[in-house]
Amino acid sequence: ALPAVERHLATVSSAHLPFTLHLRGTGTFRPVTQVVFVAVAAGISECELLAGAISAAPELQREARFPYHPHVTVAQDVPAEALDKVYEDLADFSAVFEVAAFTLFLHSGQARWQPRRDFRLGG
């Protein structure tokens, strides 16, 4: 299904323009999952629209365990003390940057995720 997925992603990327993403502060999904993340302060709707368009491919259909929530995971499934520390350490974090592309990653089941191809927004 990889060729069909790549064609779909190329179509999606050409239909969405680059956008500004502002990451600021931390959040957590505890107690539901043991995750601390950096929050998306601006660019939320752009992320949601892009994620929705990407997941519309029949080859990518799957049942989601949780609703989509734009964020950047910074700690997951580590001891509570480590989650608390990263939550506090990054509380004042802020970064603003332009999102001009997204990347398709593949996982062989044995190695780490490997980047396969970038898809530039706006074609």
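## Overall make-up

The protein has three helices and six strands, where helices (H or I, at least four residues) and strands (E, at least two) are DSSP runs numbered from the N terminus. Read from that end, the order is α-β-β-α-β-α-β-β-β. This is a predicted model, so to speak on its own terms: local features need pLDDT of at least 70, side-chain atom pairs count only at pLDDT 80 or more, and totals for chains, interfaces and linings use all residues. Residues are numbered from 1 along each chain as its sequence is written, and side-chain values use heavy atoms, with hydrogens and water left out.

Along the principal axes, the C-alpha atoms fill a box of roughly 45 × 35 × 25 Å. Of the 123 residues, 27% are buried (under 20% relative accessible area; exposed is over 50% and partly exposed in between, with a 1.4 Å probe and protein chains only). Take the contacts (heavy atoms within 4.5 Å) with a separation of 6 or more: 63% of them link residues 24 or more positions apart.

Four strands make an open sheet in the order 3-2-1-4, with antiparallel pairing; two strands pair if DSSP finds at least two bridges between them. Strand 3 (71-76) and strand 4 (94-99) are the edges, each pairing on one side only. Neighbouring strands are turned by 30 degrees against each other on average, direction ignored.

Helix 2 (residues 44-55) packs on this sheet and touches strand 1 and strand 2 (35-42). The direction of helix 2 makes about 100 degrees with that of strand 1 (axes are lines fitted to C-alpha atoms, for helices over the stretch in contact, and angles run from 0 to 180 degrees between N-to-C directions). Strand 1 (residues 19-28) and strand 4 run antiparallel and are joined by six bridges. F19 sits opposite V99 of strand 4.

## The nonpolar core

The largest nonpolar core holds 15 residues, and those with the most contacts inside it are L9, F19, L21, L50, F102 and L121. Such a core is a set of buried Ala, Val, Leu, Ile, Met, Phe, Trp, Tyr and Cys residues joined through side-chain atoms within 4.5 Å. Helix 1, strand 1, strand 2, helix 2 and strand 5 (101-106) each give two or more residues to this core.

Look at F102: leaving aside neighbours within four places in sequence, F102 is in contact with L9, S13, L50, I54, R117, D118, F119 and L121. F119, in strand 6 (residues 114-120), is buried with a relative accessible area of 2%. Not counting residues up to four places away, F119 touches E6, L9, A10, S13, A100, A101, F102 and L104. F119 and L9 are 110 residues apart in sequence, yet their C-alpha atoms are 7.1 Å apart.

V12 of helix 1 (residues 2-15) is buried too, at 6% relative accessible area.

## The largest pocket

The largest pocket has a volume of about 1,800 Å³. Among its 44 lining residues, A51, R62, Y68, H69 and H71 are the closest to its centre. Helix 2 gives the largest share of the lining, seven residues.

On method, a 1 Å grid is laid over the protein atoms alone; a pocket is an open set of points where a 1.4 Å probe fits, with protein on both sides within 12 Å along at least five of seven lines, and lining residues have an atom within 4 Å of a point. Grid points are joined across faces, edges and corners, and the volume is the space filled by probe spheres set on them.
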